[in-house]
Amino acid sequence: FLVPPMSTNHKRVCARAARVEFREAFLGGRNDFRAAQLNVRLLAKRQLGDFACLPDSAQILVLEFLRPPQVAQLAWDGVVSCPNQATVHQDWVRPRVVIRLRPLLAPEQEDAQYESLTMEQENQSCVVHDGHVHRDGRTLYMVHSRFGVDRVFSPACAAPTIMAGVGD
């Protein structure tokens, strides 16, 4: 018994092609998250002054006025309320995870490639900005995921500095 193929108007979109085709939209999503981080940092600095009497929930409402609620909450968690939970019991032996964002190479820049990671050095974590095209072929959305690591190195760090820092 063979099932006839279903007719559909859905088009399959290759992830790499979508990354190039929808570059501006995906960059907008990444930049929106980075701007939300800046907003959080400004609010956190103001906590000592004008906003000191406001509870965290009120400050997040201010952020949600400026940014989408999920983006505002993720930025808040990374900067203010959630330190990296990478600590484990002292008797456990586990691998150390360190990360450095490699600068884009010249051919990658010429091909309109872009970074899809945001490093949070003060929080020792990174956020992956994963742009998606819904299977309807029209709807774009972005998933921001935070990963805690043992150490974050800046993109300007050279390999010898990283190797020396891994033993710290």
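Q: What is the accessible surface of the protein, and what share belongs to carbon and sulfur atoms?
A: In this predicted model, the accessible surface comes to about 11500 Å². Carbon and sulfur atoms account for 59% of that surface.

Q: What share of the 168 residues is buried, and what makes a residue count as such?
A: Buried residues make up 27% of the 168 residues. The term applies to a residue with under 20% relative accessible area.

Q: How many helices and strands does the protein have, and what pattern do they follow along the sequence?
A: There are six helices and five strands. Read along the sequence, the pattern is α-α-α-α-β-α-β-β-β-β-α.

Q: What part of the contacts with a separation of 6 or more comes from residues 24 or more positions apart?
A: Such residues account for 61% of these contacts.

Q: Why is Phe-65 called exposed, and where does Phe-65 lie?
A: Phe-65 has a relative accessibility of 75%, and the term exposed requires over 50%; Phe-65 is therefore classed as exposed. Its place is in helix H3, residues 56–66.

Q: In what order do the three strands of the open sheet stand, and are they parallel or antiparallel?
A: The order is E2-E3-E4, with antiparallel pairing. Strands E2 (117–120) and E4 (140–148) stand at the edges, because each has a single partner strand and one side of each is left without a neighbour in the sheet. On average, neighbouring strands are turned by 20° against each other, direction ignored.

Q: What makes E2 and E3 a pair of strands?
A: Two strands pair if at least two bridges are found between them. Among the facing residues, Leu-117 has Val-128 in E3 as its bridge partner, and Glu-120 stands opposite Ser-125 in E3.

Q: What makes E3 and E4 a pair of strands?
A: The pairing is antiparallel and extends over nine bridges, where at least two are needed; E3 and E4 therefore count as paired. One of the facing pairs is Val-133 with Leu-140 in E4. The hairpin of E3 and E4 has six residues between the strands, and Gly-137 there takes a positive phi near 80°.

Q: Why is Gln-124 called partly exposed?
A: The relative accessibility of Gln-124 is 23%. Partly exposed residues are those between the buried limit of 20% and the exposed limit of 50%, so Gln-124 belongs to this class.

Q: How many salt bridges does the structure hold, and what makes Glu-115 and Arg-34 one of them?
A: The structure holds five salt bridges. The closest N and O atoms of Glu-115 and Arg-34 are 3.8 Å apart, and the limit is 4 Å; the pair therefore qualifies. Glu-115 lies in the loop between helix H5 (106–110) and E2, Arg-34 lies in helix H2 (residues 23–46), and the two are 81 residues apart. Glu-115 is partly exposed at 25% relative accessible area, as is Arg-34 at 24%.

Q: What makes Glu-108 and Arg-102 a salt bridge?
A: Their closest N and O atoms are 3.0 Å apart, so the pair falls within the limit of 4 Å. Glu-108 is partly exposed at 21%, and Arg-102 is partly exposed at 41%.

Q: Which parts of the chain do Glu-120 and Arg-146 tie together, and is Glu-120 buried or exposed?
A: The side chains meet in a salt bridge of 2.9 Å, N to O. Glu-120 lies in strand E2 and Arg-146 in strand E4, so the pair ties together parts 26 residues apart in sequence. Glu-120 has 0% relative accessibility and counts as buried, whereas Arg-146, at 24%, is partly exposed.

Terms used:
Residues are numbered from 1 along each chain as its sequence is written. This is a predicted model: local features need pLDDT of at least 70, side-chain atom pairs count only at pLDDT 80 or more; totals for chains, interfaces and linings use all residues. Side-chain values use heavy atoms; hydrogens and water are left out. Helices (H or I, at least four residues) and strands (E, at least two) are DSSP runs, numbered from the N terminus. Buried means under 20% relative accessible area, exposed over 50%, partly exposed in between (1.4 Å probe, protein chains only). Axes are lines fitted to C-alpha atoms, for helices over the stretch in contact, and angles run from 0 to 180 degrees between N-to-C directions. Contact means heavy atoms within 4.5 Å. Accessible areas come from the Shrake-Rupley method with a 1.4 Å probe; for residues, only the protein chains shown count as cover.
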